[in-house]
Amino acid sequence: MTNQPETVKFAITTPLYYVNAAPHIGSAYTTMVADVVARFHRLRGHSVLMITGTDEHGQKIQRSAEKQGIAPQQHCDAIAASFDALWQKLNVQYDRFSRTTASKHHAIVKEFFARVQDNGDIYLAQQQGWYCVSCEEFKEERELLEGGYCPIHTNQKVEWRDEDNYFFRLSQYQEKLEQLYAENPDFIQPESRRNEVLSFVKRGLQDFSISRINVEWGFPIPHDPNHTIYVWFDALLGYVTALLDPEDAPTLENALKTYWPIDIHLIGKDILRFHAVYWPAMLMSAGISLPGKVFGHGFLTKNGRKMGKTLGNTIDPIALIDRYGADAVRYYFLKEIEFGQDGDFNETRFINTLNADLANDLGNLLNRSLGMTKKYCQSQVPEVRISDFPNNHPLKSMGTDLSDRVIEGYESLNFSRVCEEIFNLIRACNKYIDEQAPWSLYKQKQQDEVERVLYAVLESIRLCAYLLSPIIPNLCSDIYQQLGFELDFNNRTLINQPELFFKHSCWGVLAGGQTLNQPHPIFNKLELRDLDSNP
Ligand code: MSP
């Protein structure tokens, strides 16, 4: 028997995006964040599965295709491809792209439906109410805006429905759900969203309809093909289908064997009820264990209003990436928007943040440090003894426990904190160089001192780059390569080793004598150009 520690498994999902229109920066936001979390776990050597995909059924999609006069599948294929193209541009390393029109998904939905039906949780009854096609959700009359508009899609009128539907007995799960939330206080995050859900459930749960008539674009209800399965019932199961390995037969047993339960469902706050109430109840009914956590983040707004495909006030992520690069976009959204809160996009702030942090604080620091090492140490990492640095050395002391604080930040999905902790060390390096003035030490022929100063700075930059790599992988690979490493943070196999994390997340790793590469700027200063105007 070997004593190998078991590999930690970690699975994370983004929502499966509606394919009613091409993606915008709001849809890209969750995916960027999920990619950062997945990359962080890969960096630690965990076995990671990141799931994203598209939600392709339902009336909303049927209508989008009709408007263009093309077949729904053709429409879905085109938009699903545009999501994928965006993920490539944003440097998102997903493991699975789940499409709800896939035939294997149909098999999973049928099997799941049968389990819930066998459990006595499905029945036929009359459904009356106001329906928002953009939300694909019934609304209570008191939620509606004046004139019968949806509170989320404020330019869309709700539609009256009166039809026979199949229902899911959500009301049977009230107590079990309350018990779930009480026993797992972290199941819904952040706290404010948890409270919203608790009070919603406390008001009493009503059964919800899980079929539609007059919507052709969906899977038929087994044994009653006049109905199609409600898009949300189908879509949530897309997370399960995504778990199948390509060679697996599409059964629940196969899907659930390795990465279930999913650790984190990352979603926006508008779809919290589906994930934190309906989804666990559906799983309970089917006798399947529950995911670890549902995190509902805020909205990206433009001039205070939710950006959305339906509202048509979006920012095109492709234009943003083409202008500024994937790392710039990733850094801004991760650092500047407190994860969980709404955040307004403002291009001036975007440019100022990137220039201050990436071009000035980090970029100039690297450049000047490499320049001095070239001049004073022939581009070799100075040979020093780590033990010669006292524990209260300004950079060593910050660097020594930086990774603990950063790990805590990533684990609690507090990315602003991650950036802040790392940039504190970066700024401390700049201050330290100014105070120590290695150029004067060199003139005074204090070569040992010059070497100690430069080593401490280079090593701190290395550590910062390592810990920032899930957020800005291209820039960090560039920094590592300038420091003489061959590591590429986009190579997921290479970086996915626990021993590597163990070593590189500590302060004092740079090897004396390592040859540094020719310095070049990692990030050019940006100038403000109005995104709404033509480039
Ligand atoms: N298809 C459903 C999800 C099914 S999951 C099994 C859906 N799709 S969506 O395309 O409308 O929205 C997907 C996600 O994008 C949601 O989490 C939503 O909150 C998020 N966002 C859409 N607009 C957004 C912003 N303006 N800001 C931040 N996130 C936003 O709902």
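Which residues in α4 are buried? Keep in mind that this is a predicted model, then select residues 103–118, which make up helix α4. Now show the side chains of His105, Ile108, Val109, Phe112, Phe113 and Val116: these are the buried ones in α4. They share one side of the helix because the arc they cover around the axis is only 135°. As a rule, residues three or four places apart in an α-helix point the same way, since there are 3.6 residues a turn.

Step just past the helix to Gly120, where phi is positive, at about 80°.

The structure has 3 cavities of 30 Å³ or more. For the largest, select Tyr17, Tyr18, Asp270, Ile271 and Lys306, the lining residues nearest its centre. Its volume is about 600 Å³, and 35 residues line it. Colour β1, α1, α7 and α10 as well, as each gives at least two residues to that lining. By type, the lining of this largest cavity has 16 nonpolar, 13 polar and 6 charged residues.

Finish at the second largest cavity, with a volume of about 60 Å³. Its lining includes Gly58, Gln59, Tyr131, Glu136, Arg212 and Trp217.

How values were computed
Residues are numbered from 1 along each chain as its sequence is written. This is a predicted model: local features need pLDDT of at least 70, side-chain atom pairs count only at pLDDT 80 or more; totals for chains, interfaces and linings use all residues. Side-chain values use heavy atoms; hydrogens and water are left out. Helices (H or I, at least four residues) and strands (E, at least two) are DSSP runs, numbered from the N terminus. The expected span of a helix is 1.5 Å times one less than its number of residues. Buried means under 20% relative accessible area, exposed over 50%, partly exposed in between (1.4 Å probe, protein chains only). The arc is that of the directions from the helix axis to the C-beta atoms. On a 1 Å grid over the protein atoms alone, a cavity is a set of points where a 1.4 Å probe fits but cannot get out, and a pocket is an open set with protein on both sides within 12 Å along at least five of seven lines; lining residues have an atom within 4 Å of a point. Grid points are joined across faces, edges and corners, and a volume is the space filled by probe spheres set on the points. Ala, Val, Leu, Ile, Met, Phe, Trp, Tyr, Cys and Pro count as nonpolar, Asp, Glu, Lys and Arg as charged, and the others, Gly among them, as polar.
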